[in-house]
Amino acid sequence: MNSYERVITALERKQPDRVPLFECVFDEGVMDALLPGCDYYEFNEWIGLDMAGLNRSSWRRDNVEYVDEEKGLFRDNWGVIRAFGPESTPYPVEGPIRTPQDIKTYIPPDPEASDLGDLPEVVKRFKGKKAVVAICRDAFFNPSYLRGQETFLMDMIDHPKLVHELIDVALSYDLRMAERMIQAGVDVVVLGDDYADKNSPMMSPRHYEEFILPGLKRAVDNAHQAGAYVVKHSDGNIMP
């Protein structure tokens, strides 16, 4: 049983020869500390992962539109201002939808024009040997980044119509991007939006069911219809 077969067997809820080994993203500093001078492909083989993906965001420090280079602030293709820090993933700090009225003129990125990054190389190297994976979005992260996460959560009470509109706008991009990745060779979509911190969910179960769950279902159904398996990831204590 090779790595690909092991992953698919597990996702089919059958018995693989062992538990598949997978990690969505390794920080470049961690990789270099464990295997100095390696790239992601070498590290993937060295540590024995059963799945392979992009391992990084689409942003590098040399390919972004800085709004303040000294502070590491740049604007992404959604219009969200993000900040580079010491780790590999930049953090969203300010969204473009500052008032509910801004949604009327907001234009999301074009999924047909968006780059798939190193995905073709990942598919070329690993297709059929390891399960090819892509981290995609469902109904929380990208909509919340457009408003700022705290504001988005308060909008569930103050501006519920806006929350639904933001989710629809984000999914108009995210669903098509997932389809394109699957068409390019992705076997498994990981929906990576985090719903909780270490203590509890970031919204009530009632608000989750009203706002987030329908969009999550759309994302899962979309990936299945396009021919991929789905893994739902969330950090934090989501037990409630």
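Author: Strand S2 and strand S3 (residues 73–75) run antiparallel and are joined by 3 bridges. The model they belong to is a predicted one.

Reader: Which residue of S3 stands opposite Asp 68?

Author: Leu 73 in S3 is the residue opposite Asp 68.

Reader: In what order do the strands of that open sheet lie, and is the pairing parallel or antiparallel?

Author: The order is S2-S3-S4-S5, 4 strands in an open sheet, and the pairing is antiparallel.

Reader: How is the pairing in the open sheet with the order S1-S6-S7-S8 to be read, as parallel or antiparallel?

Author: That sheet, also open and of 4 strands, has parallel pairing. Its edges are strand S1 (51–52) and strand S8 (229–232), and each of these pairs on one side only. Inside the sheet, S7 and S8 run parallel and are joined by 4 bridges.

Reader: Turn to helices. What describes two packed helices?

Author: The angle between the axes and the distance between the axes describe such a pair. Here, take helix H3 (residues 40–47) and helix H4 (residues 119–126): their axes come within 12 Å and cross at roughly 35°. The crossing in which H3 passes H4 is right-handed.

Reader: Which residues of H3 and H4 meet?

Author: From H3 come Tyr 41, Asn 44 and Glu 45; from H4 come Glu 121, Val 122, Arg 125 and Phe 126. Sorted by class, the contact of H3 with H4 has 3 nonpolar, 1 polar and 3 charged residues.

Reader: And empty space: what shows where it is left?

Author: A probe the size of a water molecule, rolled over the atoms, shows this. In this model the structure holds 1 cavity of 30 Å³ or more. The volume of the largest cavity is about 30 Å³.

Reader: Which elements each supply at least two residues of the lining of the largest cavity?

Author: Helix H7 (160–183), strand S7 (188–191) and helix H8 (205–226) do. The residues lining the largest cavity include Asp 174, Leu 175, Ala 178, Val 189, Leu 191, Ala 219 and Asn 222. Cys 136 and Arg 137 are also among the lining residues. By class the lining has 7 nonpolar, 1 polar and 2 charged residues.

Reader: How does the lining of the second largest pocket divide by class?

Author: It divides into 4 nonpolar, 5 polar and 6 charged residues. The second largest pocket has a volume of about 210 Å³. Its lining has 15 residues, and the closest to the centre of the pocket are Glu 28, Arg 56, Arg 61, Glu 87 and Ser 88.

Methods. Residues are numbered from 1 along each chain as its sequence is written. This is a predicted model: local features need pLDDT of at least 70, side-chain atom pairs count only at pLDDT 80 or more; totals for chains, interfaces and linings use all residues. Side-chain values use heavy atoms; hydrogens and water are left out. Axes are lines fitted to C-alpha atoms, for helices over the stretch in contact, and angles run from 0 to 180 degrees between N-to-C directions. A crossing is left-handed if the near helix is turned anticlockwise from the far one by less than a right angle, and right-handed if clockwise. Contact means heavy atoms within 4.5 Å. Ala, Val, Leu, Ile, Met, Phe, Trp, Tyr, Cys and Pro count as nonpolar, Asp, Glu, Lys and Arg as charged, and the others, Gly among them, as polar. Two strands pair if DSSP finds at least two bridges between them. On a 1 Å grid over the protein atoms alone, a cavity is a set of points where a 1.4 Å probe fits but cannot get out, and a pocket is an open set with protein on both sides within 12 Å along at least five of seven lines; lining residues have an atom within 4 Å of a point. Grid points are joined across faces, edges and corners, and a volume is the space filled by probe spheres set on the points.
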